[in-house]
Amino acid sequence: MKSYDVVVIGAGPAGMAAAVETSRAGLSTLVLDEQQRPGGQIYRDIEASDATRRGILGQDYQSGADLAAALRGSTAEYLPGAVVWNIDSAKQIDFSVRGGSQSVKAAHIVVATGAIERPTPMPGWTLPGVTTVGAVQILLKTSGVVLEDLVMVGSGPLLWLAATQMIAAGTPPKAIVETVPKARYRAAAKHLARAIPGWRYLAKGFAMIRAVKRAGVPVHRDAEEIAIDGVVAAEAVSFTSDGRRHRIETAHVALHQGVVPNQQITRLMNCEHRFDAGQRAFLPVVDASFETSVENVFVAGDGAGIGGARAAAMRGRLVAMRIAEKAGKPATDGREKLEAALRRDAAVRPLLEALYAPSEDVLSPADGTLVCRCEEITAGQIREAVALGAPGPNQVKSFLRAGMGPCQGRMCGLAVSEIIAAAKGEEPSSVDYYRIRPPLKPLLLSELAAFEPGEAPRAAAE
């Protein structure tokens, strides 16, 4: 079995930056990436995008090309199409690629799996025609496809960014149904002075909102009691705003309530986690160099807490510097400057977290709303399990199979924790989260049968 000084899981901004830095320090580095090309979600398909698509997606997207080029030009081994499905306590990493499974050993592991969109349970969210804002972006980045007649529902910077990209592509959304309560603006204003170092983010946000307004896209603010109507597919979005009920007919709906750290791998490795009230999500406990409670396991990027693409790349570099230092390699100059830049970049986060906190409708869905899509478990069934004595998500899983489907709790885990905590009158930190077990992703029996733990990694087809 081949061993590496560093194995990086994920090739988004954090993973690419970390791999470039560790390979530069002379450490043998392997990057395992589920995608066929580097970039992650934020820079997805950056190498294959043409000038037109890059222009539509904006300057921030284009900046990913430099990171991808740096990764390609480094000595790090890059293995696309590699799906990690298990990591044991000895840091043996099992993954599938090209229809078979292989293993490698790592002295240091960098988890750079980024963020996932928050679960958004509401009436009708499982109907055909309903997707997430992130999925809308993926369509645009990978194929240039823009959904027509799309209604965007929710809140957060990504929602406004995707709307402006759709406008630039010539197909603006039909409407935006924003869930930010009016009182939330006053709560966010308390953080305005501290956010000044991150004024560029604020300026960008105002520019996106102005672009949506100039394009004539209707924006319904302070929306609540949202439901997606339809029998066999989405037909309309109904909601209350400005004291009255609205209904917008559409066959396409995109939901978004912010992004949260992808904690599947760190949970699998038994890293310590904490519930962050600001981000309303569980985060791995890390030190100043983003090392977890498990020695030599690091989290780079949004997996350690949402910070955005620029911060992710900086975190990736800091992680790599610490690994090089632990390995006795010459440290790269500029760590203090990088840490200062990261603090400036993070200054705006408290304001954004206060403004774009998830809506109460999503945190506490009605009893009849499906929460676990895989096993078709409702919020009411979860509350009934709590009333019968289930103290947390793992016991609810035993009662109802919630979280046992192909997504392994990615689409319901946070929602289940929130519902249980509310039913018990506690905080999610008290009830915790699902216990994650392998395989992390759906695994074909043929991939397991073709397990070759002793071979060196084989590159996926280009």
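**Charged pairs, surface and cavities**

Glu-34 has a relative accessible area of 36% and is therefore partly exposed. The model in which this residue is seen is a predicted one. Glu-34 forms a salt bridge with Lys-441, and the closest N and O atoms of the pair are 2.4 Å apart. Lys-441 lies in the loop between helix 17 (428-431) and helix 18, while Glu-34 lies in the loop between strand 2 (29-33) and helix 2 (51-57), so the pair ties together parts that are 407 residues apart in sequence. Lys-441 is also partly exposed, with a relative accessible area of 22%.

A second pair joins Asp-432 to Arg-267 in a salt bridge, with 3.2 Å between the closest N and O atoms. Here too, distant parts of the chain are linked: Asp-432 is in the loop between helix 17 and helix 18, Arg-267 is in helix 9 (residues 264-268), and the two are 165 residues apart. Asp-432 counts as partly exposed at 31% relative accessibility, whereas Arg-267 is buried at 11%.

Arg-274 and Asp-276 meet through their side chains in a further salt bridge, at 3.2 Å from N to O. Of these two, Arg-274 is partly exposed, with 40% relative accessibility, and Asp-276 is buried, with a relative accessible area of 16%. Glu-21, Arg-24 and Arg-317 are connected in a network of salt bridges. In total, the structure holds 23 salt bridges.

The surface also carries a nonpolar patch, formed by Leu-445, Leu-448 and Phe-451, which together have about 290 Å² of accessible area. Leu-448 belongs to helix 18 (residues 445-449) and is partly exposed, with a relative accessible area of 40%.

Within the structure there are two cavities of 30 Å³ or more. By residue class, the lining of the largest cavity comprises six nonpolar, four polar and one charged.

The second largest cavity has a volume of about 40 Å³. Arg-118, Pro-119, Val-362, Leu-363, Leu-414, Ala-415 and Glu-418 line this cavity. Helix 13 (360-363) and helix 16 (413-424) each contribute at least two of the lining residues, and helix 16 gives the most, with three. The lining of the second largest cavity consists of five nonpolar, no polar and two charged residues.

Notes. Residues numbered from 1 in each chain as written. Predicted model: local features only at pLDDT ≥ 70, side-chain atom pairs only at ≥ 80, totals over all residues. Heavy atoms only, no water. 1 Å grid on protein atoms, 1.4 Å probe; cavity = no way out; pocket = protein on both sides within 12 Å on 5 of 7 lines; lining within 4 Å. Points joined across faces, edges and corners; volume = space filled by probe spheres on them. Nonpolar A, V, L, I, M, F, W, Y, C, P; charged D, E, K, R; others polar. Helix = DSSP H or I, 4+ residues; strand = E, 2+ residues; numbered from the N terminus. Patch = residues over 30% accessible without salt bridge, like charges linked within 9 Å, V, L, I, M, F, W, Y side chains within 5 Å. Areas by Shrake-Rupley, 256 points an atom, 1.4 Å probe, with all protein chains shown as cover. Salt bridge = Lys/Arg side-chain N within 4 Å of Asp/Glu carboxyl O. Buried < 20%, exposed > 50% of the residue type's maximum accessible area, 1.4 Å probe, protein only.
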